[in-house]
Amino acid sequence: MAGQIAPPPPPRAKVAVLLPLTGPQAGLGQPLLNAAQLALFEQGDPSFEFLPRDTGGSPAGAASAARSAIQDGARIIVGPLTAQETAAVAGVARGSAIPVLPFTNDANQAGTQVWPLGITPVQQVRRLVGAAQAQGVQRFALAAPDGALGRQMATALRAATAELGLPQPMVEFYPGAAQPSLVAKDIAQKLGLMPDAPADQRPGMLLLGESGVRARDFAGALTQSGVAMPPLRLAGHALWGMDEAMGQQLALSGAWFPGADPVARGQFESRYEAAFGEKPSRIVGVAYDAAAIAARAMRGQGPGGIAQIPLGETVLGADGQLRLTPGGMVQRGLAVYAIAPGGPPGVVAPAELPGSVGF
């Protein structure tokens, strides 16, 4: 009927998105929001909306942003960025029974209703061990500076080898201020990597808790000390894939590192670039993942509904498949790459979710 006023749209479920739009990490705020909006658009579901909130890049700002969003009706929180912000937000959210999907890769932040979605050291180490064991490696070792990353890698390595029934790994820490080139030979002797060590006791893979020039120096010092590579294979963490200079160190030729599913990542980058006119940085994919999970959790719930976290379901994220499990744990389908001198890294083990490889 002419002149009839259309009824207002039904109220929508609300998803908080906590971002560093100002402060020291402000340069990441808009790209993270872009990735979250891309996930929302691809869901094609008008039954929910985002509530972006600025954290200012601080724990206090993040807690304030969470309180504001919850007061405005948010039923699930995407973000914040850092571990410190996540700890502050978790306390606020738990008081209202609101799930949190932060971007941090600090697995220590995992807990009831909090799922850190960054690629964690635990996920990386488990994928390396599974892939190496599939190729016949039985003994593992770790050398790392004595710090949070090294300790997490050691815990993950011990757990992964135990679950696969492999010998207990050898682990050596050294002071973080020490120059890797000066401690490499001593570490190699302690770990039984030298040629005079019994062959049946010698590790087949050494994980290094270093990156950048320090990892390159450590690897070079190992070869200068007489460590034969091969048969020893070196491995590192995901940051190795972000440093093209790693291929300039001959001692790292063939070294392994875990990373995103190349097919899924390539597709995400193409879609993001088509939408926003620029290639996304590595970190923004986690905002896409968190937003996609939040959208699935709120689908059909309405403004007063309770978020239904898709526990145990496989979700295709920016970096490949992932799965949320009870207690805040996140499993990721990572690929394994090998460093190639003078060229891009090659895939030596395809992306695989835990569960299909024994854990």
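The expected span of a helix is 1.5 Å times one less than its number of residues, and helices (H or I, at least four residues) and strands (E, at least two) are DSSP runs, numbered from the N terminus. Keep both definitions at hand for the tour that follows.

The model on your screen is predicted, so local features need pLDDT of at least 70 and side-chain atom pairs count only at pLDDT 80 or more, while totals for chains, interfaces and linings use all residues. Residues are numbered from 1 along each chain as its sequence is written, and side-chain values use heavy atoms, with hydrogens and water left out.

**The whole chain**

Begin with the protein chain in cartoon view, where nine helices and 14 strands can be found. Its radius of gyration is 22 Å, close to the 21 Å that the globule rule gives for 359 residues, so the chain is as compact as a globular protein of that length; the radius is taken over C-alpha atoms, and the rule is 2.2 Å times the number of residues to the power 0.38. Along the principal axes, the C-alpha atoms fill a box of roughly 90 × 40 × 40 Å. Buried residues make up 52% of the 359 residues, where buried means under 20% relative accessible area, exposed over 50%, and partly exposed in between (1.4 Å probe, protein chains only). Of the contacts with a separation of 6 or more, 64% are between residues 24 or more positions apart, and contact means heavy atoms within 4.5 Å.

Now select residues 29-43, which form helix α1. At 1.5 Å a residue, its 15 residues should span 21 Å, and the end C-alpha atoms are 22 Å apart, which agrees. Colour the buried residues of α1, which include Gly29, Pro31, Leu32, Leu33 and Asn34, and then show what they pack against: β1 (13-19), β2 (48-54), α8 (262-276) and α9 (285-298).

Step back to Ala26, in the loop between β1 and α1. Is Ala26 buried or partly exposed? With a relative accessible area of 28%, Ala26 is partly exposed.

**Two loop residues with a positive phi**

Most residues other than glycine have a negative phi, and most peptide bonds are trans. With that in mind, select Ala97, in the loop between α3 (83-94) and β4 (100-101); Ala97 has a positive phi of about 55° although it is not a glycine, and it is exposed, with a relative accessible area of 53%. Next select Gln113, in the loop between β4 and α4, where phi is near 70°. Gln113 counts as partly exposed, at 27% relative accessibility.

**Helix α7 and the prolines after it**

Move on to α7 (212-224), a helix of 13 residues that reaches 19 Å from its first C-alpha to its last, close to the 18 Å expected at 1.5 Å a residue. Among its buried residues are Gly212, Ala215, Arg216 and Phe218, and what covers the buried residues of α7 includes β5 (140-145), β6 (170-174), α6 (180-190), β7 (205-208) and β8. Just after α7, Gly226 takes a positive phi of about 105°.

Which residue does a cis peptide bond join to Met229? It is Pro230, and omega of this bond is about -5°. A cis peptide bond also joins Pro230 and Pro231, with omega of about 15°, and Pro231 is found in the loop between α7 and β8.

**The largest pocket**

Finish with a surface view. On a 1 Å grid over the protein atoms alone, a pocket is an open set of points where a 1.4 Å probe fits, with protein on both sides within 12 Å along at least five of seven lines, and lining residues have an atom within 4 Å of a point. The largest pocket has a volume of about 820 Å³, a volume being the space filled by probe spheres set on the points, which are joined across faces, edges and corners. Its lining has 34 residues, of which Ile119, Gln124, Ala238, Leu239 and Met242 lie nearest its centre. The elements that give two or more residues to this lining are α4 (121-134), α5 (148-163), β9 (256-259), α8 and α9.
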